[in-house]
Amino acid sequence: MIPLSIQIKQGLAKLVLPLLFVFACLIMLLGQAQPKFVEAVRLKVSDYLAPGYALVEEPFGVLNGFLQNLKNIQHVAAENKALKDENLQLRRWYHVAMGLADENETLKKQLHWMPDPALSFITTRVVADISGVYRKAILVVLDENHKVRPGQVALDGFGLVGRVTEVGDRSARILLINDDSSRIPVRLLNSHAAAIMAGDNSLYPRLIFYPEDKHPVEGERVVTDAKGEALPAGIPIGYVHYIQPGQPVVIPYLPLDRLKIIRIFDYGMQQIVAPDAPGRVVSTKKKNRQGPVASPNMLGHNEE
């Protein structure tokens, strides 16, 4: 180690902050001048850090599971009695379901029913809730030979959680439905009204652009709409809840801040360009191709 005088050390210490400031400005200028290069570098960094995220997260998951098991031991007797009661009910419903399944199969044969084609999907693990160009996005780990591409649909075990916006060699970034940049056309099943589900960086996306004579009903289910060809129709999302009078939101079936395992489905849709976000730089040509992002024109009326 080279010995330095106290004056030199003090001078170097004073230069650290200005150098970091200049370095940050150079990165910002590079991002404005070469956005594709910066995006490629960011994806490469995510590819290398994704396995590390998983390794760091694993011990905390084991410890959390151990503590949760200790808490559950105190309620074993009560849970055992409740499970026995539920088991009896499930046995009754099992026989009812088997009868309905046989009846359904018979009716399909009589009607020469043509089944829908099976969709291809992969199941992957969420390794990080990252803060990038979008405030509500997650990073997932992929296999080296994956076929994931931007625009594919991400679902948990209950419904829609987001769309793939960027794909690297071993990871992919998914824009969640509650991000401020997310606008998704939806349909309300009870009122039969169309609306736009808009994220606002909270846990519950808002409902906007619904008809004045068909207000959302508390508790009714919300599914995707095929308008704009952004997403296939009929994917469950959640249910309507009024947090305040006149402010309906969508409560997802599974909280978006507890995502651990998700599935990425290929519905064969056209590639979707990621929506604009603060800090994201896109070329003029790319902006013109941003058709799938929902707008009020899809529903034929303006925002209230």
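The model is a predicted one, in which local features need pLDDT of at least 70 and side-chain atom pairs count only at pLDDT 80 or more, while totals for chains, interfaces and linings use all residues. Residues are numbered from 1 along each chain as its sequence is written, and side-chain values use heavy atoms, with hydrogens and water left out.

The protein chain holds four helices and 12 strands; these are DSSP runs numbered from the N terminus, with helices being H or I of at least four residues and strands E of at least two. Of its 304 residues, 32% count as buried, meaning under 20% relative accessible area with a 1.4 Å probe, protein chains only.

Helix α1 (residues 6-33) and helix α2 (residues 35-73) have axes that come within 5 Å and cross at roughly 115°. Here axes are lines fitted to C-alpha atoms over the stretch in contact, and angles run from 0 to 180 degrees between N-to-C directions. That makes α1 roughly perpendicular to α2, a label covering 65 to 115 degrees. On the α1 side the contact (heavy atoms within 4.5 Å) involves L30, G31, Q32 and A33, and on the α2 side P35, F37 and V38.

Now for the strands. All five of the five residues of β7 (residues 194-198) are buried, so this strand is largely enclosed by the rest of the structure. A194, I196 and A198 point one way from β7, and A195 and M197 point the other way. On one pairing, β7 runs antiparallel to β6 through five bridges, where strands pair if DSSP finds at least two bridges between them. R187 sits opposite A194 in this arrangement. The two strands form a hairpin with five residues between them, and H192 in the turn has a positive phi of about 60°. β7 also pairs with β8 (residues 206-208), again antiparallel, over three bridges, with A198 opposite R206.

The loop between β5 (171-176) and β6 (183-188) contains D179. D179 is buried, at a relative accessible area of 2%. A polar atom of its side chain lies 2.7 Å from the backbone nitrogen of S181. Neighbours within four places in sequence aside, D179 touches Y134, R135, K136, G199, D200 and N201.

Note on methods. Parallel < 35°, antiparallel > 145°, perpendicular 65-115°, else oblique. Buried < 20%, exposed > 50% of the residue type's maximum accessible area, 1.4 Å probe, protein only. Polar contact = N/O pair within 3.5 Å; in protein donor to acceptor, adjacent residues only side chain to side chain.
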